[in-house]
Amino acid sequence: MRTPVALLLACSFALGADATGSWNEADSLIHAWHRQRPTADAETYLAAGDSVRSTQGDCASQLFGANLMLRGWTMNAKARPADWRERILLPEGCVPMSARYHYQYAVMEYLDESWTEAALHFNTARRISSDSLYNQECHTSLAACFDKLPGRRDSVMWHLEAALRWGPTSPYLLNNIAGAYLDDQQGERALSFI
């Protein structure tokens, strides 16, 4: 299947910029921050995340800071420390019910080639957000994860086809579906997506 990491990351960046629709309440701080700083670079995200997490102890602020740090590391993988998971742990009792948190965490797991963990977080992000673009990108990302796991070819195709139902359809999605059918040697099915 031709689902490049660049496509996965492009989805992550697009969603961070200004996705619209219904979001879990826990996403409101990060959503507002993205809207106010659409051109922020990785260093800005990381500095803001560190600052928020070190100065504010409530659950919402800790989650907000973790989201900012995840986004920064996604934008600049060289800045990601080996202990990134520990750096974004939430205090005991704080439940990470944020679609953005799970999506960004999934991207980090994907980059670490932890396909099963990435799929779990993409699926959680999809379940707790009702935004159609977000759901479409989560399905596409789930297909990319399952493509890396042996014996999960049916899941790859199921998630790609599910992504179509969340429209609008992007050329990237159509290309990925065509590529998956070509990989399965189903050229005729691929033609309608090319």
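My entries on this predicted model follow.

**Entry 1: aromatic pairs.** I looked up how many aromatic pairs there are. The count comes to six. I then took one of them, Tyr-103 with Phe-122. Their ring centres are 5.2 Å apart.

**Entry 2: buried or exposed?** I checked Tyr-103 next. Its relative accessible area is 1%, so Tyr-103 is buried. Phe-122 has 0% relative accessibility, so Phe-122 is buried.

**Entry 3: another pair.** I turned to Tyr-110 and Trp-115, which also form an edge-to-face pair. I wrote down 5.0 Å centre to centre and 70 degrees between the planes. Both Tyr-110 and Trp-115 are buried.

**Entry 4: a cluster and a charge.** I found one aromatic cluster made of Trp-84, Tyr-101 and Tyr-105. I also looked at Trp-158. Arg-165 lies over the face of its ring, 5.9 Å from the ring centre.

**Entry 5: Leu-142.** I located Leu-142 in helix α8 (residues 132-148). Leu-142 is buried because its relative accessible area is 1%, and buried means under 20%. Which residues is Leu-142 in contact with, leaving aside neighbours within four places in sequence? I listed Ala-119, Phe-122, Asn-123, Arg-126 and His-159. Last, I checked Leu-120. Leu-142 and Leu-120 are 22 residues apart in sequence, and 8.7 Å apart in space, C-alpha to C-alpha.

Technical notes
Residues are numbered from 1 along each chain as its sequence is written. This is a predicted model: local features need pLDDT of at least 70, side-chain atom pairs count only at pLDDT 80 or more; totals for chains, interfaces and linings use all residues. Side-chain values use heavy atoms; hydrogens and water are left out. Rings of Phe, Tyr and Trp (its six-membered ring) pair if their centres lie within 6.5 Å; planes under 30 degrees apart count as stacked, over 60 as edge-to-face and the rest as tilted. Buried means under 20% relative accessible area, exposed over 50%, partly exposed in between (1.4 Å probe, protein chains only). A charge sits over a ring if NZ of Lys or CZ of Arg is within 6 Å of the ring centre and within 35 degrees of the ring normal. Helices (H or I, at least four residues) and strands (E, at least two) are DSSP runs, numbered from the N terminus. Contact means heavy atoms within 4.5 Å.
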